[in-house]
Amino acid sequence: MTAATKAAAGAPAQAASREASGAAEPVPVIDMRDIWRVYGSGESEVRALAGLDLRVDRGEFVAIIGASGSGKSTAMNILGCLDVADRGTYVLDGTDVSRLSYRELALVRNRKIGFVFQSFNLISRINALRNVELPMTYAGVERHERRRRALAALEMVGLGRRYTHKPGQLSGGQQQRVAVARSLVNAPSLILADEPTGNLDSVSASDVLDVFEQIHTTGRTIVLITHDQKVAARAQRVVTISDGRIIDDTRWGEAERRANREAAAKAGVSLSDGGTSPERPAAGSGTVPGHGIDQMAPGFDAAPDYEAPKRRRARDKAKAQAADTGDGDNGGAPTETIPAVSK
Ligand SMILES: Nc1ncnc2c1ncn2[C@@H]1O[C@H](COP(=O)(O)OP(=O)(O)O)[C@@H](O)[C@H]1O
Ligand SMILES: [Mg+2]
């Protein structure tokens, strides 16, 4: 057992009993129990997460909302397998990731999670199509198939006719929709969006939220992190976090969601405070659900530049573990298969 494994092995008995009792239920996409993440020690100790419990079932569209400092980013990092909890268990789509090495976490991340970030994280020198193809390039998908799936994903986000545009030739909202298309081609268990409308004007923000709603209707599981009530109100379920714990968990009915959507549209509300040039993309540029997206392959990590300090820490830990486990440090490079996981 490695040092990190020991640190994360908070509640093995609990996990075992859950496996036994959960036999008849569907496997949730997210099953977090009593997650703790503490920064610093002594007088400077900060309990960023203090006993977080969260279960998200397949096909849910959940917003996690909380004030600044409430623990959203910390929760996002753990949900996204970019960091591990100090205590508690996290089972992602049936895989217990609370005891994996950082290298193993990178592999799970590549396979199971599609990321959408506030700043889009597109590669500026290649066009939309190639940006969306990247995950499949890493996974070794054949060129023709790659192109077919990428076009299907771009169609799905309403950009089927703009695939030759480079990010600089697209509005913010369009760039974010390209990023959403890219997040889909992994066929991930979970789409994890971190303030995805934070850099957008209200109209583009609303368009991007429309896309999330639409991919949700195709069966995707989405967790969206935001500080903005109006954005959260577009989700099916709103989880409020404060001082590292969940203090409210509300599921909206379809009628209430429609009312939220219509109220936002009517008021032309500002969904974010960023953005001054509403460049609305051509309306209805072809939203065709479905084809090919569900057979998409894993392999690309859209998160390599996210939270650089945490990654540095992760690499340091991985290096320390390498001596222990014999794992080499591949710097978190995407790999195509998930090796057998030693528990
Ligand atoms: N690397 C860190 N070192 C020390 N404290 C941290 C670190 N990251 C976050 N915190 C603290 O943990 C708490 C939760 O932070 P965070 O998860 O970033 O909240 P949010 O994203 O909701 O603003 C805050 O008090 C923050 O100052
Ligand atoms: Mg934050």
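Predicted model: local features only at pLDDT ≥ 70, side-chain atom pairs only at ≥ 80, totals over all residues.

User: How many helices and strands does the secondary structure come to?

Analyst: The chain has 11 helices and 10 strands. Helices (H or I, at least four residues) and strands (E, at least two) are DSSP runs, numbered from the N terminus.

User: Why is Ala-232 called buried?

Analyst: A residue is buried if 20 or more other C-beta atoms lie within 10 Å of its own, exposed if 12 or fewer, and partly exposed in between, with C-beta atoms placed from the backbone. Ala-232 has 23 other C-beta atoms within 10 Å, and is therefore buried. Ala-232 is found in helix H9 (residues 229-232). In the chain of 343 residues, 47% are buried.

User: Which residues does Ala-232 touch, not counting residues up to four places away in sequence?

Analyst: They are Ala-63, Ile-65, Thr-226 and Val-238. Two residues are in contact if their C-beta atoms, placed from the backbone, lie within 7 Å. The C-alpha atoms of Ala-232 and Ile-64 are separated by 7.3 Å, although these residues are 168 residues apart along the chain.

User: Why does the span of helix H6 agree with its number of residues?

Analyst: The expected span of a helix is 1.5 Å times one less than its number of residues. Helix H6 (residues 143-156) has 14 residues and should therefore span 20 Å; its end C-alpha atoms are 20 Å apart, which agrees. Helix H7 (residues 172-184), with 13 residues, should span 18 Å, and the 19 Å between its end C-alpha atoms agrees.

User: What do the buried residues of H6 pack against?

Analyst: They pack against helix H5 (128-139), H7 and H8. Among the buried residues of H6 are Arg-146, Ala-153 and Leu-154. H7 is mostly covered, with 13 of its 13 residues buried.

User: What makes a set of residues a nonpolar core, and which residues have the most contacts inside the largest one?

Analyst: A nonpolar core is a set of buried Ala, Val, Leu, Ile, Met, Phe, Trp, Tyr and Cys residues joined through C-beta atoms within 7 Å. The largest has 80 residues, and Ala-153, Leu-154 and Ala-181 have the most contacts inside it. Helix H8 (residues 202-217) gives the most to this core, with six residues.

User: How do you know that strands S9 and S10 pair?

Analyst: Two strands pair if DSSP finds at least two bridges between them. Six bridges join strand S9 (residues 237-242) to strand S10 (residues 245-251), and the two run antiparallel. One bridge partner is Asp-249 in S10, for Val-239.

User: Which residues are around ligand 1, and what classes does this shell have?

Analyst: A residue is near a molecule or strand if its C-beta atom, placed from the backbone, lies within 6 Å of it. The residues around ligand 1 include Tyr-39, Gly-66, Lys-72 and Thr-74. Ala, Val, Leu, Ile, Met, Phe, Trp, Tyr, Cys and Pro count as nonpolar, Asp, Glu, Lys and Arg as charged, and the others, Gly among them, as polar. By these classes the shell around ligand 1 has three nonpolar, eight polar and one charged residues. H3 supplies the largest share of this shell, three residues.

How values were computed
Residues numbered from 1 in each chain as written. Chains lettered and ligands numbered in written order.
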